[in-house]
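Have the model up on screen as you read.

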Amino acid sequence: MKRKILSILLISCMLFSLTACKDNSTGNVEKVAYDAKAVAAKYNLPEIPEADKNLKIQMGYNNCDHMVAAIVGEQAGIYKALGLNVTVTKTNNTNIAQAMTTGEMHVGYMGIEGALNARNEGAPIIMAAANHIGGSRYLVVSNDIKDPKDLVGKKLAITEDPENDPEWIKWASKLGIPTEKDKYQIVKMGQKDAPMALKSGQISAFSCCDPYASQCEYQGLGRVVAVGWGGTIDETKEKNDHKHGWGMCCIYAMNENFKKEHPEVAKRLLVAHSMSLKYLYEHPYNAAMMFADGFGTAPEVGLMTIYMKTIAEGRTLTWEFNQENIDNFVKQYDEYNIDKKFRPKTDKLGEFVNLNFVKESGIESFSDFTKKDKIDEKFPIGISFEDWLKKAKEIDGIDNKVGNDIKIPEVYKK
């Protein structure tokens, strides 16, 4: 009986994650030449006021790769280097909005639509910086779906009102399938549970962000058939053109009262956000390991995810944004004549967006960073995964075979 139970546990381990049952107490993160204190010192920030030195800061982030900076800031010692006592909590957009409304949470990585709607309903939430513009969400189908038209009539874990969702409308149009929800059996399911539901035949497709799409591809649980680009109006624009074409996806949100009451701490939090994103571009291998450890997934899945975020889809993780990015986010709803009740609430958009906070905090532009730190030279847009991985390992002196067997799906390259 004991052997039988052990066998069942081992099989379950293999199904749910390539690393879930591994003794991962030491994690996958490597030691690299990174001095967070030295980087922080370059910003010449004023001393934290005495009254704020013991301030306990609560930060939230979603169960999604778009929010990876929250993990990097913690694991790379960036918050500590800036004298910040930050508690990082993985939760969901609704919980973050509620906690920021009451003041229990001070900063959070959130989807822009949820944050904007919360602001419209009276929540003291502002968009302090960008976090993810353009950028990817995925439609993953089971292996028995040979043609997208096979999805008609099947169980799908997607948005409840697909005909009023710009992302689904774009996917359906490209795949040649109906947009209407009555053509499918739509079920409500968390994206974390969806890969196993796909494998077991409970559903035939689901929409998600990473690591769940890359997990399905890497483990052979299913395949990605469409990628959503976060409110992008003109998909012919260059992938590294942040100023045109791309809409907003996820933001670095802050409680407005907290910013007013603790201005120096708020600036340091914004610097921490930019430092975390810089680390991700400068040390992508280690950032991928931090992500893999934080999400309990395989190192290879972490690498696929970070490659998508920094190369395949362009430089989508950034602290910089402009008015056109905001406008494009709103325009996508006009493009498809989405019913008013399904649109983001923009009545208080002017109060919500802070275009100047980044500059006021002494943070350089994102484009200056990629040029000055030679990110564009080291990891040019369009570099193959194999060359990117090789360079990423060389930069930090990492000598292992992790990721060498990865084959990037063709749909990721488009």
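1. Ground rules. This is a predicted model, so local features need pLDDT of at least 70 and side-chain atom pairs count only at pLDDT 80 or more, while totals for chains, interfaces and linings use all residues. Residues are numbered from 1 along each chain as its sequence is written, and side-chain values use heavy atoms, with hydrogens and water left out.

2. The disulfide. How many disulfides does the structure hold? There is one, where the term means a pair of cysteine sulfur atoms within 2.5 Å. Cys64 and Cys209 are the partners, with an S to S distance of 2.4 Å. Cys64 sits in the loop between β1 (56-62) and α3 (68-75), and Cys209 in the loop between β8 (205-208) and α9 (212-219), so the bond ties together parts that are 145 residues apart in sequence. (Helices here are DSSP runs of H or I with at least four residues, strands are E runs of at least two, and both are numbered from the N terminus.)

3. How accessible is that pair? Cys64 is buried at 7% relative accessible area, and Cys209 is buried too, at 3%. Buried means under 20% relative accessible area, exposed means over 50%, and partly exposed is in between, using a 1.4 Å probe and protein chains only.

4. Cys250 is in no disulfide. Cys249 is buried, with 16% relative accessibility, and Cys250 is buried at 5%.

5. Helix α13. Residues 299-312 make up this helix, 14 in number, and it reaches 18 Å from first C-alpha to last, close to the expected 20 Å at 1.5 Å a residue. That expected span is 1.5 Å times one less than the number of residues. Is α13 enclosed or open? Of its 14 residues, 14 are buried, so the helix is largely enclosed by the rest of the structure. Just after α13 comes Gly314, with a positive phi of about 100°.

6. Ala287. You'll find this residue in helix α12 (residues 284-295), buried at 0% relative accessibility. Which residues does Ala287 contact, leaving aside neighbours within four places in sequence? They are Val72, Tyr279, Leu280 and Ile306, with contact meaning heavy atoms within 4.5 Å. Val72 is 215 residues away from Ala287 along the chain, yet their C-alpha atoms are separated by 6.4 Å.
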